[in-house]
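Biologist: I am new to this structure and would like to know where its labels come from. Could you go through them with me?

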Amino acid sequence: MAEPTIRTLRSPLGRVRGLGSAKGGTHHWWMQRVTSIALLPLTIWLIFSLARMPDSTWQEATAWIGRPFNAVLLLAFLAAAFHHAANGLQEVIEDYVRGEMARVGTLLAVKGVCALLWIASTLAVLRIAI
Amino acid sequence: MSKITDAREAVMVGRRSDGTLVRRPLSPHLQAYDMMQMTSALSITHRITGTVWSIGLVFLVWWLCAAAAGESAFNAVQWVLGSFLGVIGLMGLTAAAWYHTLAGIRHLYWDSGRGYDLPTTYLTGRAVLIGTAALTALTWLIMLITWI
């Protein structure tokens, strides 16, 4: 391993503060918990609902998605799931992707993909339900 | 002024009491700890299943968008998901989703400040594994009964 070096005159504490959380340090952690609690009943509902419709026709599937109860829960699931997935993947990327440019680039790409998938799936549910 | 290439440099280099620099060890230290203990194995599995479930969401989006697009697009996605590879993939995804859900409950339990002692950690860890197997089997039993 390379010899440890500090290439700045600023103290470690000052550097950490300068790079730190801007008073929002627990927001990411807390939202991950909030969405996980929301996803708990929604995921159980979704998995068991989908397990009961493996051979459904297009008519049956769209009728199921279009029912207001199912549509509301699907929209809630998609919102919570993509928020949770984007935040969780962010944590994994920040831990394992080295180099500032690669890390920020991967983060922006993953967040963008999550946002687009969320909008697309939400639009699909709304189009069927309305 | 020097450019910081990696933000973690700020916390990974420290000073000894004589002022010389020392590189702090990373945690978990891959050479010092056996990563195949249940604690660390379940921890990394939570991350892996979370990532797998995130990728699995793409299939849900595809299914919903195909349903909105029309009957032929929906039949195509149903054919892919019902194929041999599709069924194998969905089986894995079901297990990953149940594992991540149950391990998530374990994390929320830890967040309440409980269950940190080793016997409880092993107990809840085993409960997550048994629960994953049971719920995955139950999900696929329901699916097979509906299918046949």
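This is a predicted model: local features need pLDDT of at least 70, side-chain atom pairs count only at pLDDT 80 or more; totals for chains, interfaces and linings use all residues.

Biologist: Let's begin with chain A. What makes up its secondary structure?

Modeller: Chain A has 5 helices and 0 strands. From the N terminus on, its elements run α-α-α-α-α. Of its 130 residues, 17% count as buried. As for contacts in chain A between residues at least 6 apart in sequence, 73% join residues at least 24 apart.

Biologist: Which parts of chain A does UniProt list as "transmembrane region"?

Modeller: The unreviewed UniProt entry lists residues 29–48, 69–86 and 106–126 of chain A. In the model, residues 69–86 are 100% helix and 0% strand, with end C-alpha atoms 26 Å apart. Residues 106–126 of chain A are also 100% helix and 0% strand, and there the end C-alpha atoms lie 30 Å apart.

Biologist: And which residues of chain B carry that label?

Modeller: For chain B, the unreviewed UniProt entry gives residues 48–70, 76–102 and 123–147. The span 48–70 is 96% helix and 0% strand, and its end C-alpha atoms are 34 Å apart. Residues 76–102 of chain B are 96% helix and 0% strand, with 33 Å between the end C-alpha atoms.

Biologist: Why is helix 3 of chain B called roughly perpendicular to helix 4 of chain B?

Modeller: The axes of helix 3 (residues 71–82) and helix 4 (residues 84–111) of chain B cross at roughly 75° and come within 4 Å. Angles of 65 to 115 degrees count as roughly perpendicular, so helix 3 of chain B is roughly perpendicular to helix 4 of chain B. The contact is made by Val80(B), Leu81(B) and Gly82(B) of helix 3 and Gly86(B), Val87(B) and Leu90(B) of helix 4. By class, these residues divide into 4 nonpolar, 2 polar and no charged.

Biologist: What makes helix 2 of chain B oblique to helix 5 of chain B?

Modeller: Here the axes cross at roughly 45° and come within 10 Å. An angle under 35 degrees would count as roughly parallel, and roughly perpendicular takes 65 to 115; therefore helix 2 of chain B is oblique to helix 5 of chain B. Met38(B), Thr39(B) and Leu42(B) of helix 2 meet Thr121(B), Tyr122(B), Gly125(B) and Val128(B) of helix 5 in this contact. The classes are 4 nonpolar, 3 polar and no charged residues. Helix 2 of chain B passes helix 5 of chain B in a left-handed crossing.

Biologist: Now for the two chains together. How many residues does each chain give to the contact?

Modeller: The contact takes 38 residues from chain B and 38 residues from chain A. On the side of chain B, the largest share, 12 residues, comes from helix 2 of chain B. By class, that side has 21 nonpolar, 12 polar and 5 charged residues.

Biologist: At what angle does helix 5 of chain A pack with helix 2 of chain B?

Modeller: Helix 5 (residues 100–129) of chain A and helix 2 (residues 38–69) of chain B pack at about 35°, with their axes 8 Å apart. Among the residues making this contact are Leu117(A), Ala120(A) and Ser121(A) on one helix, and Leu57(B), Val58(B) and Leu60(B) on the other. The contact has 13 nonpolar, 1 polar and 1 charged residues.

Biologist: Is His100(B) buried or exposed, and how do you know?

Modeller: His100(B) has 26 C-beta neighbours inside 10 Å. The cut-off for buried is 20 or more, so His100(B) counts as buried. His100(B) sits in helix 4 of chain B, and the unreviewed UniProt entry places a "binding site" there. Beyond its neighbours within four places in sequence, His100(B) is in contact with His46(B), Thr49(B), Gly50(B) and Trp53(B).

Biologist: And Leu21(B): buried or exposed?

Modeller: Leu21(B) has 12 other C-beta atoms within 10 Å. Exposed means 12 or fewer, so Leu21(B) is exposed. Leu21(B) lies in strand 2 of chain B. Leaving aside neighbours within four places in sequence, Leu21(B) is in contact with Pro4(A), Thr5(A), Ile6(A), Val13(B) and Arg15(B).

Note on methods
Residues are numbered from 1 along each chain as its sequence is written. Chains are lettered from A and ligands numbered from 1 in the order in which they are written. Axes are lines fitted to C-alpha atoms, for helices over the stretch in contact, and angles run from 0 to 180 degrees between N-to-C directions. Helices (H or I, at least four residues) and strands (E, at least two) are DSSP runs, numbered from the N terminus. Two residues are in contact if their C-beta atoms, placed from the backbone, lie within 7 Å. Ala, Val, Leu, Ile, Met, Phe, Trp, Tyr, Cys and Pro count as nonpolar, Asp, Glu, Lys and Arg as charged, and the others, Gly among them, as polar. Angles under 35 degrees count as roughly parallel, over 145 as roughly antiparallel, 65 to 115 as roughly perpendicular and the rest as oblique. UniProt positions are given in the numbering used here, feature names are shortened, and annotations may be inferred rather than shown by experiment. A crossing is left-handed if the near helix is turned anticlockwise from the far one by less than a right angle, and right-handed if clockwise.
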